[in-house]
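Here is a brisk report on a protein model. Keep the structure open while reading.

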Amino acid sequence: MVSGHREDILSAVRQLDRHITDIRTSERWPRLKVHGIPLTYLIDDPDLGSLRDSLCHTNNLEITQARWLIPETRLRERVNQRNGNLTSSTVVITLKNLTAANALVCKGSMWAAGKRRRVELYKNLAADTQCNHCLQFGHHESTCLSPPQCALCAGNHITEIHKCDSRNCAGGKNCRHTPPKCSNCQQSHTATSRRCEIRLTATQLAREQRLQRQKDREIRHMAKTGPSFIRATTPTSELGT
Ligand SMILES: [Zn+2]
Ligand SMILES: [Zn+2]
Ligand SMILES: [Zn+2]
Ligand SMILES: [Zn+2]
């Protein structure tokens with residue numbers, strides 16, 4: 001089993017072959033969101049195995065995994081809260097082929113559960129993902145459980161219904177009359193401002209987490225397949241043999 005970081009591995013293999021300059025990073029499998037999947041699958045197909053199989057067959061794809069975007073327990077809660085008004089949700093699929101994934105994203109739809117359904121690229125939520133509803137960082141509005149916050153005035157309403165006293169103002173996020181207040185740091189800028197300290201911290205954290213994930217992926221990949229090495233065309237050191 002390989003353990004330790006990329007640099008450690010690299011320095012270890014360079015003792016065996018000093019012409020090695022880098023370790024090739026592992027490939028990532030693309031993930032897509034498929035919208036509008038009927039919630040009957042929650043009952044009929046709990047692990048989404050048969051949905052995955054039918055997606056493979058009808059679209060001629062290799063799909064390694066299918067799961068609900070929202071955790072299943074929360075999805076069930078929402079179905080109960082909305083008294084049956086919620087009939088479909090989004091599924092995330094993992095594909096084995098980047099070209100096929102790109103083709104689907106370009107097309108914008110795929111055949112799923114008896115209909116063409118909207119498809120888009122699934123992006124990982126990061127520490128700097130800002131919720132549209134409560135304006136905090138690290139989650140998406142689809143999973144938000146916090147009360148709404150206005151990006152302009154930090155009031156307890158969504159930004160879209162922000163009102164001001166100015167006569168000619170239609171309100172909402174285009175209002176330029178209200179002195180801005182950030183609900184995250186309480187300073188005088190909007191909650192989406194790039195100057196916000198909280199945002200800057202979240203951005204920094206997201207950057208560090210991305211780097212760490214990259215390292216972890218390389219280590220996992222090498223543990224699975226053994227490293228593949230990139231050789232320098234000219235020796236980088238002539239010392240020792
Ligand atoms: Zn939120
Ligand atoms: Zn407001
Ligand atoms: Zn206004
Ligand atoms: Zn702020």
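The sections below cover the overall fold, the sheet, the cores and the packing helices.

## Basis and overall make-up

This is a predicted model, in which local features need pLDDT of at least 70 and side-chain atom pairs count only at pLDDT 80 or more, while totals for chains, interfaces and linings use all residues. Residues are numbered from 1 along each chain as its sequence is written, and chains are lettered from A and ligands numbered from 1 in the order in which they are written.

The protein chain has six helices and seven strands. Helices (H or I, at least four residues) and strands (E, at least two) are DSSP runs, numbered from the N terminus. Their order from the N terminus is α-β-β-α-α-β-α-β-α-β-β-α-β. The chain holds 241 residues, and 16% of them are buried. Buried means 20 or more other C-beta atoms within 10 Å of the residue's own; exposed means 12 or fewer; partly exposed lies in between; C-beta atoms are placed from the backbone. Of the contacts between residues at least 6 apart in sequence, 55% join residues at least 24 apart. A contact requires C-beta atoms, placed from the backbone, within 7 Å.

## The five-stranded sheet

Five strands form an open sheet, ordered E3-E4-E2-E6-E5, with antiparallel pairing. Strands count as paired if DSSP finds at least two bridges between them. E3 and E5 are the edge strands, each with a single partner, so one side of each has no neighbour in the sheet. On average, neighbouring strands are turned by 35° against each other, direction ignored. Axes are lines fitted to C-alpha atoms, for helices over the stretch in contact, and angles run from 0 to 180 degrees between N-to-C directions.

E2 and E4 run antiparallel and are joined by six bridges. Here valine 34 stands opposite valine 91 of E4. Three bridges join E2 to E6 (residues 115-121), again antiparallel. Leucine 32 has leucine 121 in E6 as its bridge partner. E5 and E6 pair over four bridges, in the antiparallel sense.

## Nonpolar cores

The largest nonpolar core has 16 residues, and those with the most contacts inside it are Leu32, Val34, Leu55, Ala66, Val91 and Ile93. Such a core is a set of buried Ala, Val, Leu, Ile, Met, Phe, Trp, Tyr and Cys residues joined through C-beta atoms within 7 Å. Two or more residues come from each of E2 (31-38), H3 (49-59), E3 (63-68), E4 (88-95), H5 (98-107) and E5 (109-112). A second, separate core has nine residues, including Leu135, Leu152, Cys153 and Cys182.

Valine 34 touches Thr90, Val91, Ile93, Met110, Ala112, Arg117 and Val119, leaving aside residues up to four places away in sequence.

## Helices on the sheet

Which residues of H3 are buried? They are Leu51, Arg52 and Leu55. Seen down the axis of H3, they fall within an arc of 100°, so they line one face of the helix. The arc is that of the directions from the helix axis to the C-beta atoms. The face turned away carries the exposed residues Gly49, Ser50 and His57. The buried residues of H3 pack against helix H2 (41-44), E3, E4 and E5. The direction of H3 makes about 130° with that of E3. Asparagine 60 follows H3 and has a positive phi, near 55°.

H5 lies across E2, E4, E5 and E6. It runs at about 110° to E6.

Terms used
Contact = placed C-beta atoms within 7 Å.
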